[in-house]
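Biologist: I'd like to learn how to read a few features in this structure. Could you walk me through them, starting with the aromatic rings?

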Amino acid sequence: MASSGASDVGGNAGQVVTRFAPSPTGFLHIGGARTALFNWLFARHHGGKALLRIEDTDTKRSTQEAIDKILEGLDWLGLDYDEPPVFQSDRADRHREVALELLERDQAYKCFATPEELEAMRAEQRAAKQPMRYDGRWRDRDPSEAPADAPYTIRLRTPEEGETVIDDAVQGRVTVRNSEIDDYIILRADGTPTYMLAVVVDDHDMGCTHVIRGDDHLNNAFRQLPVMRAMGWDEPVYAHIPLIHGADGAKLSKRHGAVGVEAYRDEEGVLPEALFNYLLRLGWGHGDREEIDREEAIALFDLDGVGKSASRFDIKKLQNLNGHYIREADDRRLAGLVAERIGGNVDEGRLEQAMPVLKPRAKSINELAEGAAFLFATRPLAMDEKAAALLDEDGRARLARVAARLRAENDWTIETLEATTKALAEELGLGLGKLAQPMRAALTGTTTSPGIFDVLVLLGKDESLARIDAQAAPAKETE
């Protein structure tokens, strides 16, 4: 029989309900983002509800800034939720209510063991090389044996015999002997509920039918099920997904580079649809498909495609996917993103015009911004070392010839400029590159850029000739 206790979170009978439950003690980690994605996709695929719970009961480490970062990261990835976020800290009274109901049902009991007694117990277990777990010293004692007004915790009375079996939707059947699960605290001496109780109560009250989370929580499931069974609540389907590892096979961490969603957005220049696609393919597969957009992902995703082994984060694969989505992206949108990177008073219309020639080469918004920088450079252009080397005496003399020929050109189009420059190269008995290379250096200050004739058109006739003239040999040297 379910608890009759009031809840401020509605049930969802007959409907798939998932939840993402981050702890706001830092940024939205890549692993958390993938967990959020899998929960969201599973709910959307089955026409269910995706819910969000902020587990902010660790008041010392939880911050509003972290909450804001998590919400911002989820929104950036396009993960929307069907109800406002539930804040676990707001529900402490409900958690206490359940703890007291378990006590009333004799499914929990008061423990008067002092911190000193518990530390002595653990010391004995360490010395005997035994597993450290509560020894049940107050499990069957009468509370009247404790001193008057002595502080106490409330512990769950977990089963001592038999075993608990979970048919996990990812890991398969997992079995644990009940003797390995100790009577853990559900309500502290100060009346605050513990995480292990709060999670179960919230999952029940939110109507969660599926708990999809990292496999580092698998052991928790065996501690949480006894609460559900003691309360007579329906048990969710568990799906514990493997963790994400770095390229070296170790658990993904800061030493592997960026691990927060906002770092991939802000520092790596990744588009949200690229990270969405990459996280989808990180531990889930559908044949050999690599590029799967949002709508396809909703149509295809289910838990049977999730692998059992850890996935390795491959930054090159992410960059390649990002390049694909940059090529697919709207030019105006890209221009806006690049303008933010460049800063200052940037002509976004000019950037938009440049995107078709910039984006085929780029794998990040950063690369797009670097590629577009020449458009807004001021004269005299700063030259990198390789570009300066091209502007030797021969290079400057060729620029003078190019400038004279281009100045006479009235049809400033890619086709005409290319024909004009090729004709000059043939007259001089040179390969086109011998003219194009010093032109690129003079026009951009680098040796890498879009096609040289694209550059000329994007800069326009006046600016192009001004830049070439600034680097060309004086006219008398070419006579």
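Modeller: Rings of Phe, Tyr and Trp (its six-membered ring) pair if their centres lie within 6.5 Å; planes under 30 degrees apart count as stacked, over 60 as edge-to-face and the rest as tilted. By that rule the structure holds seven aromatic pairs. Before going on: this is a predicted model, where local features need pLDDT of at least 70, side-chain atom pairs count only at pLDDT 80 or more, and totals for chains, interfaces and linings use all residues. Residues are numbered from 1 along each chain as its sequence is written, and side-chain values use heavy atoms, with hydrogens and water left out.

Biologist: How is the pair of Tyr264 and Phe313 arranged?

Modeller: A pair of aromatic rings is described by the distance of the centres and the angle of the planes. Tyr264 and Phe313 are 5.6 Å centre to centre with 45° between the planes, a tilted pair. The two are 49 residues apart and link distant parts of the chain: Tyr264 sits in helix α7 (residues 261-266), Phe313 in the loop between β12 (311-312) and α10 (315-328). Those labels come from DSSP runs, numbered from the N terminus: helices are H or I with at least four residues, strands E with at least two.

Biologist: At what angle do α15 and α17 cross?

Modeller: Two packed helices are described by the angle between their axes and the distance between the axes. Axes here are lines fitted to C-alpha atoms, for helices over the stretch in contact, with angles from 0 to 180 degrees between N-to-C directions. Helix α15 (residues 393-407) and helix α17 (residues 432-444) have axes that come within 9 Å and cross at roughly 90°. So α15 is roughly perpendicular to α17, a label for angles of 65 to 115 degrees. Contact means heavy atoms within 4.5 Å; on the α15 side Gly395, Arg398, Leu399, Val402 and Leu406 take part, and on the α17 side Lys434, Leu435, Pro438, Met439 and Ala442.

Biologist: Which residues line the largest cavity?

Modeller: On a 1 Å grid over the protein atoms alone, a cavity is a set of points where a 1.4 Å probe fits but cannot get out, a pocket is an open set with protein on both sides within 12 Å along at least five of seven lines, and lining residues have an atom within 4 Å of a point. Volume is the space filled by probe spheres set on the points, which are joined across faces, edges and corners. The largest cavity is lined by Arg379, Pro380, Leu381, Ala442, Arg467, Ala470 and Gln471, and its volume is about 30 Å³. Helix α19 (residues 461-471) gives the largest share of that lining, three residues.

Biologist: And the largest pocket: how many residues line it?

Modeller: The count is 41, with Ala21, Pro22, Ser23, Thr25 and His217 nearest the centre. The space in the largest pocket is about 1200 Å³, and α1 supplies the largest share of the lining, five residues.

Biologist: What about the backbone?

Modeller: Most residues other than glycine have a negative phi, and most peptide bonds are trans. Here a cis peptide bond joins Arg379 and Pro380, with omega about 0°. Lys129 has a positive phi, near 55°, and is found in the loop between α4 (115-127) and β5 (153-156).

Conventions
Parallel < 35°, antiparallel > 145°, perpendicular 65-115°, else oblique.
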